[in-house]
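Colleague: I would like to learn how to read a model like this one. Can we go through it feature by feature?

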Amino acid sequence: MTIGITHLLVVSAALFCVGVFGLLSRRNAIALLMSVELMFNGVNVALVGFARFGYSNLRPLSGMAFALFVITIAAAEVAVAVALLLVAYRRHQTVQADELDELRG
Amino acid sequence: MQYYNLTWAVVLVPLGGALFAYLPESARNAARVCIASTAISFVLSLLVLAYRLGHLHAAPYESLITFWSFNPAQPIGGGVVNNFTAQAGILVDGLSASILPVVALVSLLVQVHSLGYMRGDAGYRRYFAIIAFFTFSMLALVASPNFLNLYFAWEGVGLGSFLLIGHWWHKPEAAAAAKKAFLVTRIGDLGLLLAIVFGFAKFAPHVASLTPPGQVSDPFNFSVLSREWQFAHQGLVPGVGGRTLAILALLVLMGAIGKSAQLPLHTWLPDAMEGPTPISALIHAATMVAAGVYLIARTYPLFLVAPHVLTVVALIGALSAVFGAVVALAHTDIKRIIAYSTISHLGLMFTALGVGAFTAGVFHLFTHAWFKALLFLAAGNVIQAYGTQDIREMGGVWSRMRITAWAMLLGCCSAAGVVFFAGFWSKDSIVAGVLRNQFPDGGHHSLAVKAALIVAVCAVSLLGALYPFRMFFIAFLGDPARRRGFTPQRVRESPPSMVMPVVVLAALSCVAGFIGISGAGVTFGNFVFALDKPQNEPFDIAGVLLGAGLALIGVAVAYLIWVRPVPALARLPARMGRLAVAARNGFHVDAAYAWLVDRLVLRPAALVPRVDEGITDAVADGIADGVRATALEARRLQGGRLQAYALTAFVGVVLMAGGFTLAATGHFPGVGATR
Amino acid sequence: MNGVVLSGLHAGMSLAQVTPGPLTPTPGQPTTTTTGGEFPTLLLTTLIWVTLAAALVIIFMPERTAEQRGRIRLMALAGTTVPVLMAIGGLNYQINQEGSGGFSYVFEEKHQWITAFSVHSNYHLGVDGVSLPLLLLSTVLFVVAVLASWRNERRVRLYFVLLLVLETGVNGFFCSLDYVLLFLFYEVELVPMFLLIAIWGGPRRMHAAWKFLIFMLTSSALLLAAILLLAFKGGAGSFDFDQLNTGLHLSAGIATAGFWLTFISFAIKLPVVPLHTWLPDAHVEASTPVSVILAGILLKLGGYGMLRVVLGAFPDAAKRYSLAIVALAVVSAIWGTLAALAQDDLKRLVAYGSIGHMAIVLLAVGAQSSIALNGAVLQMVAHGFITGLLFLLVGTVYDRTRTRSISRLGGLAWQMPRLTAIWVFAGLASLGLPFLAGFVAEFMVFTGAFPTHRFATVVVMASIAITTGYLLWMLQRVFFGPAKEAYERLRDASTLELFYLVPMVVAVTIFGVVPGRIMPVINNGVATLVARLSGSV
């Protein structure tokens, strides 16, 4: 069986949905970050797939470049997020997402 | 012509007196300034009268200045009023020339009397200044050439009355009486104001249309309006018919009733006795209350073209006359007796005007000023000497204050209508007028009305002699009543300042009537008359006998009850006990008014702020609360919980993506495929 | 029923004659300046902005020591006196002009301002017979307010800055001849007033201030909607009065919508029952000088708006709904006066009385006749002075006795004879005694309104009896009668108080005794309105 774009997109969607599910249902903030990473990777798969299968005629391999960007930015974002969580933990003694609600209106 | 312009000075000098009263250091000099100004005014008014007497049949003289004029170019009814002009000025004709000296002289005498009566009073200077202001207003009223001027002076007189009744403002009763006087007369004044406004709406366009361009014509002016009322009677004024004229006359009557304390707006006058007695003499006997009668006399052409209203005038007058006489008979406060007597006599004047006896009515106004002021001032002398106002606590004045007592006797004779006194001539010409029952322009009352009026006038003739002499016999004769703290031996005649005016008024009460005799050359009847020429109201022997006879009977009955009691009559007062009590309460009219005001005005008034808070505010607050509740609900979206936000965002994205996909694939008609 | 006759005459009435007067219009565009052309035309700009300049100066003045605070007060006094002199000068000049043909505004200044959109806006200022007397009233009352605020020691700098900015807004509102400018000035006066009530007010000041603000913002919102409607749908392409208030023909739907929007907007300000409930609270909680401004001037913004905007921009709709306006006037008159009768708080009594007095203005707006509108303008000026005087007097009583309750007060004439005299004067003026300003104005309104609305005029006249009642009752309870020991040590009027009370007394008397000087000026302004209403412009 030839692996086509559809297979890659299904995998991507699956990864993404797992990530969304994790984002919405996990309580631990670190787990949220992990879920967000999953969502990023799901998107990466989709991007690489589009590049691989020639969906960008004008700019070949732009999907690959995009994926590299995503990886970099994900790393940076995780760094910042973990730093924020550290400060939040010091303040609230917890990293449960439903207890960090100081920004309520 | 120039002589008539002296009237400006007659009117304005007392105002100057009022203002200049605040210049001198001492209060007594201030009083002298006011007295001097009034004296000057009086002398000038005599000059004007003399000049007018020399030109009996000249046209009325007017001198006007415009103090307020603009061009509104307003359409009213079917015409256009291009110019609105308010003028002030003086009008000199028989009516005003004869009443001006009366006002000035009574004011002068009252002020002289007050020099003694109000000695030592804390508000001495203010008292005289306000009297001077009041004199100015009353003179301006008498000399008014138009309605606006009259209304200004009308309210000025009311203001003076308010301030003077409340002169001793620290007494709660006086302050309340002043307020009541102003308020009750104001209700009447609103009728007059409405008459002015209504008259303007109806007549101003016509007046404007008849005025040549470039000239100014004042639609409030009495002479202009007299013409207009005639035109209206003949049907020449568009939009004005008999009903309009009647309504107009009724409204004017309303104003007159308020000021002249006739039924049903009479309740303020007895209470006004809280003021100093000289004030009662000036305002509530001779001048201000006469303003109502004067108003009707001035606007008589209007009443002549609305004859049904004349019936109302006559009936109200008759009713008030009888009412006043009956109630006066029941009181023991000397001032209240004289106050109700005023109501009664004013009622007689109204009756006279109502039956078409114009000259008789104004003549009674003239004579009444003298003897009523006399009664009040003499009473003031006795009140001060005895320290009481109750006639049962007086007694023995005759032997101790001979001059005052003589004056009072003469005044009572005049008031009762004893033969040859001033009151006799005027009262009996009224009786004659009622009997004759003929309007100056030829109409007359129905037989039923005439009968009622005759009955009323007879009753008043009888009672009107009874109560003054009851007062005289109880208070002035006999022995002084024993009272704690009162030594009858100390009672002396009043000082000259208080005796002199009383003597002058007594003299006038005796002789002033003789100018009313018809047949002589210059008489009141030739001088003051309705329409254009003297009416020559004949002196009816039947009327004389009736009136004078009843008066003498009244005096005799009083004598036989209170001086030499005859058993049959002496029991009468006791038998009428319950009636007397009711009469002393004014037949409960006051109480009825208080109840009405409470139900119709005060209770709804209390409701209004509650409705404001309960309903209007509640609505506004409700809206505010609704907004706040919505905001609170919306606030729930901001839970601060990250995952809730994420869920919302995700759902939103799904919906949007779905929507776009469906639109792109053509599932929404009307939205074109985007790719 | 005698309706308002449009052109004034029926053909075939042989008795009536036509007198050519200010009703014959010059066809086409009205002139911008015919009189006062040589007078320096920066008068209005200066008058409006000098108070703002003074406020800016005061912002930078320190307020630590008493001497510095005194300097601030003097600066404020100077800042408010200059506009008074200008207003008097302008009015004097205008009085001596004796009639100008009825269509022109004087002291006009017009510069292009906002031209970027399809609808233009100009910086257009000018006054006519309607706004000039109100301008005089406003400037004088602000001086009086500054004098009455002399003893205030709390946050002096902020207080006077707010007062001066408020004056800028009010003066500008009266002078504006462009709707954007009008709205701008209308908004300018909101925040200072809110702060003035909220910071220096009585115990329930926050509630009153918020209520005031919300009601006024609603009024502004409605006004803005109407202005936008008029400018964008009117088809004139401009916000300027020249285009929108003269000769513009709107479709019936837009006219009706615009009319109701502006009418309700200004009805909140006038105020008209049932939109009036902000007034008693705001007046009672505000401090004395602020109440003077509130009653004396801010209510007149509503009245002026009724005349200038409601009648000026939507005359046909106004004519159609005149009966509704008159009905509301009657309700307001009765409501206000009855409520005043039931009050125990002195300030509330005067406040409710104001509702009754302004109802007379509304009656004239409903009657839409020339004499009545003349009376309305004069009534606004007279009421401003009279009610301003009354509030100042309430302040003098409250300062001394610390109470405004009529049932607790009594016999004050013993301790304060001079103040009592002024109180009696003010009470008599308020109930419409002739020789004082109130009567002239009310008389003209009644004379003008009666031909077309008889029942309403009679009822409003009857409400005057109630006014007489509550004023006399209040005077009697508070001042006459026996002395009360609680008030034994009170002092009579101080020199400062006399300094600002006596000019008010004089003003009220002058307008009552010689209204003739100012009537032609007012009439010229009103003639424009009337011409507009009768459809000849």
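Colleague: Which chains share the most contacts?
Modeller: Start with who touches whom. This is a predicted model. Two pairs of chains are in contact, and chains B and C share the most contacts. No contact joins chain A and chain C. Their closest C-alpha atoms lie 22 Å apart.

Colleague: How do I judge the overall form of chain C, with its 537 residues?
Modeller: Compare the radius of gyration with that of a compact globule of 537 residues, which would be near 24 Å. Chain C has 23 Å, which agrees. The C-alpha trace of chain C spans about 75 × 55 × 40 Å along its principal axes. In chain C, 66% of the residues are buried. Look at contacts in chain C with a separation of 6 or more: 82% of them are accounted for by residues 24 or more positions apart. The secondary structure of chain C is 20 helices and two strands. Its accessible surface is about 17700 Å², with 65% belonging to carbon and sulfur atoms.

Colleague: What radius of gyration does chain A have?
Modeller: Chain A has 17 Å, but a compact globule of 105 residues would have a value near 13 Å. The C-alpha trace of chain A spans about 50 × 25 × 25 Å along its principal axes. Chain A has three helices and zero strands, in the pattern α-α-α along the sequence. Buried residues make up 28% of its 105 residues. Among contacts in chain A between residues at least 6 apart in sequence, 56% join residues at least 24 apart. Chain A exposes about 7000 Å², and carbon and sulfur atoms supply 71% of that.

Colleague: How is chain B divided into domains?
Modeller: In chain B, domain 1 covers 1–196 + 245–301 and domain 2 covers 306–336 + 355–584. Domain 3 is 586–627 and domain 4 is 637–675. The centres of domain 1 and domain 4 of chain B, taken over C-alpha atoms, are separated by 87 Å.

Colleague: Now a single residue. Is B:Phe134 buried or exposed?
Modeller: Buried means under 20% relative accessible area. B:Phe134 has 1%, so B:Phe134 is buried. B:Phe134 is found in helix α4 (residues 124–142) of chain B. Next, ask what touches this side of the chain from elsewhere. Leaving aside neighbours within four places in sequence, the contacts of B:Phe134 include B:Val157, B:Gly160, B:Leu282 and B:Met288. B:Met288 is 154 residues away along the chain, yet the C-alpha atoms of B:Phe134 and B:Met288 are separated by 9.0 Å.

Colleague: And a whole helix? How many of the eleven residues of helix α6 of chain C are buried?
Modeller: First, the general idea. An α-helix has 3.6 residues a turn, so residues three or four places apart point the same way. In helix α6 (residues 190–200) of chain C, nine of the eleven residues are buried, so this helix is largely enclosed by the rest of the structure. Among them are C:Leu190, C:Phe194, C:Ile197 and C:Trp200. The buried residues of α6(C) pack against α4, α5, α7, α10 and α11 of chain C.

Colleague: Which residues are linked with C:Asp281 in a network of salt bridges?
Modeller: B:Asp617, C:Lys211 and C:Arg348 are linked with C:Asp281 in that network. C:Asp281 and C:Lys211 form a salt bridge, the closest N and O atoms being 2.7 Å apart. That pair links helix α10 and helix α7 of chain C, 70 residues apart. C:Asp281 is buried at 8% relative accessible area, and C:Lys211 is buried at 8% too.

Colleague: Which residues make the nonpolar surface patch of about 440 Å²?
Modeller: C:Phe435, C:Val502, C:Val506, C:Ile510, C:Val513 and C:Val514. C:Phe435 is in the loop between α16 and α17 of chain C. C:Phe435 counts as partly exposed, at 32% relative accessibility.

Notes:
Residues are numbered from 1 along each chain as its sequence is written. Chains are lettered from A and ligands numbered from 1 in the order in which they are written. This is a predicted model: local features need pLDDT of at least 70, side-chain atom pairs count only at pLDDT 80 or more; totals for chains, interfaces and linings use all residues. Side-chain values use heavy atoms; hydrogens and water are left out. Patches are made of residues with over 30% relative accessible area and no salt bridge: like charges are joined within 9 Å, nonpolar side chains (Val, Leu, Ile, Met, Phe, Trp, Tyr) within 5 Å. Accessible areas come from the Shrake-Rupley method with a 1.4 Å probe; for residues, only the protein chains shown count as cover. A salt bridge is a side-chain nitrogen of Lys or Arg within 4 Å of a carboxyl oxygen of Asp or Glu. Helices (H or I, at least four residues) and strands (E, at least two) are DSSP runs, numbered from the N terminus. Buried means under 20% relative accessible area, exposed over 50%, partly exposed in between (1.4 Å probe, protein chains only). The radius of gyration is taken over C-alpha atoms; the globule rule is 2.2 Å times the number of residues to the power 0.38. Contact means heavy atoms within 4.5 Å. Domain bounds come from an automatic or database domain assignment.
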